[in-house]
Amino acid sequence: MSAALIVRSVAQTMIAVDSPLAAYRAAAEAHDVPAMLACMAPEVVLKSPITDRFAFSGHPQMRDLLEDVHAVIDDVRYVADAGDDRTRLLALEGRVGRQRLDEAMLVTLDDDGLITHMQLFIRPLPGLTAMAAALGPRVAGRHSRTRAFAVRAMIAPLAFMTRHGEGVGSRLAAP
């Protein structure tokens, strides 16, 4: 995969980004899972932003995960791409329902420019918990409806507390 020159309008400023991930970013914004997988090495690994207990690896697991992700996250827009030929940091914005979220994705590339490793960081906390509440049951549901129900029961209270408590908590803690 060759590097491409991408011109993007960010905050009313034009920036040029030379990135081997141009095809991946375009596919992600278009919710095109097969095109996203084509940008990944067969042994790709994604570290979850929610847990350290497991990672997603290989095309079959990534296909399932990406289908679930695109079912719950909307308005994905990449706003930054920085790094070198082997390590990139992508920043994107999106939303889960009405909850906005920002994501930073640390990406490692092989000699052909294919993604071999992805590590995600999501903020603010209500965005992370909204994503976990929407995505967790879908991922667990691929095993069984009982697992999906259990995951939903564990995550839903946390998502509720962070969504409704952020306003009060941030006012109490603000400098």
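Colleague: In which helix of this predicted model does Thr 129 lie, and is Thr 129 buried or exposed?
Modeller: Thr 129 lies in helix H4. The relative accessible area of Thr 129 is 5%, and buried means under 20%. The residue in helix H4 is therefore classed as buried.

Colleague: Leaving aside neighbours within four places in sequence, which residues is Thr 129 in contact with?
Modeller: The residues to look for are in helix H5, where Ala 148, Val 151, Ile 155, Ala 159 and Thr 162 are buried, and what covers these buried residues includes H4. Once its neighbours within four places in sequence are set aside, the contacts of Thr 129 are Ile 155, Leu 158, Ala 159 and Thr 162.

Colleague: How are H4 and H5 oriented, roughly parallel or roughly antiparallel?
Modeller: The two helices pack with their axes 8 Å apart and at an angle of about 170°. Angles over 145 degrees count as roughly antiparallel, so H4 is placed relative to H5 as roughly antiparallel.

Colleague: Which residues of H5 meet H4?
Modeller: On the H4 side, the residues taking part include Leu 125, Pro 126, Thr 129, Ala 133 and Gly 136. On the H5 side, they are Arg 147, Ala 148, Val 151, Arg 152, Ile 155, Leu 158, Ala 159, Thr 162, Arg 163 and Glu 166.

Colleague: Helix H5 has 29 residues, so what span does it reach from its first C-alpha to its last?
Modeller: Helix H5 covers residues 145–173, and at 1.5 Å a residue the expected span is 42 Å. The helix also bends by about 55° at Gly 165.

Colleague: How far apart in space are Gly 165 and Pro 126, C-alpha to C-alpha?
Modeller: Gly 165 is in helix H5 and counts as partly exposed, at 30% relative accessibility. Pro 126 is one of the H4 residues that meet H5. Although Gly 165 and Pro 126 are 39 residues apart in sequence, their separation in space, C-alpha to C-alpha, is 9.0 Å.

Colleague: Where is Pro 124 found, and what is the form of the peptide bond from Arg 123 to Pro 124?
Modeller: Pro 124 is found in the loop between strand S8, residues 115–123, and helix H4, residues 125–141. The bond from Arg 123 to Pro 124 has an omega near -10°, and its form is cis.

Colleague: What is the phi of His 31, and where is His 31 found?
Modeller: His 31 is partly exposed, with a relative accessible area of 30%. Its phi is near 60°, a positive value in a residue other than glycine. As for its place, His 31 is found in the loop between helix H1 and helix H2.

Colleague: Which residue in strand S5 has a positive phi although it is not a glycine?
Modeller: Strand S5 runs over residues 74–83, and the phi in question is about 55°. The residue with this positive phi is Asp 75.

Colleague: How far apart are the C-alpha atoms of Arg 77 and Gly 94?
Modeller: Arg 77 has its place in strand S5 and counts as partly exposed, at 35% relative accessibility. Arg 77 and Gly 94 are 17 residues apart along the chain, and their C-alpha atoms are separated by 6.4 Å.

Colleague: How many residues does the largest nonpolar core have?
Modeller: Among the residues with the most contacts inside this core are Tyr 24, Met 40 and Met 62. Met 40 touches residues including Tyr 24, Met 62, Leu 66 and Ile 115, not counting residues up to four places away in sequence. The number of residues in the largest nonpolar core is 36.

Methods
Residues numbered from 1 in each chain as written. Predicted model: local features only at pLDDT ≥ 70, side-chain atom pairs only at ≥ 80, totals over all residues. Heavy atoms only, no water. Helix = DSSP H or I, 4+ residues; strand = E, 2+ residues; numbered from the N terminus. Buried < 20%, exposed > 50% of the residue type's maximum accessible area, 1.4 Å probe, protein only. Core = buried A, V, L, I, M, F, W, Y, C linked by side-chain atoms within 4.5 Å. Contact = heavy atoms within 4.5 Å. Expected span 1.5 Å × (residues − 1). Bend = angle between axes of the 7 residues up to and from the residue. Axes fitted to C-alpha atoms, helices over the stretch in contact; angles between N-to-C directions. Parallel < 35°, antiparallel > 145°, perpendicular 65-115°, else oblique.
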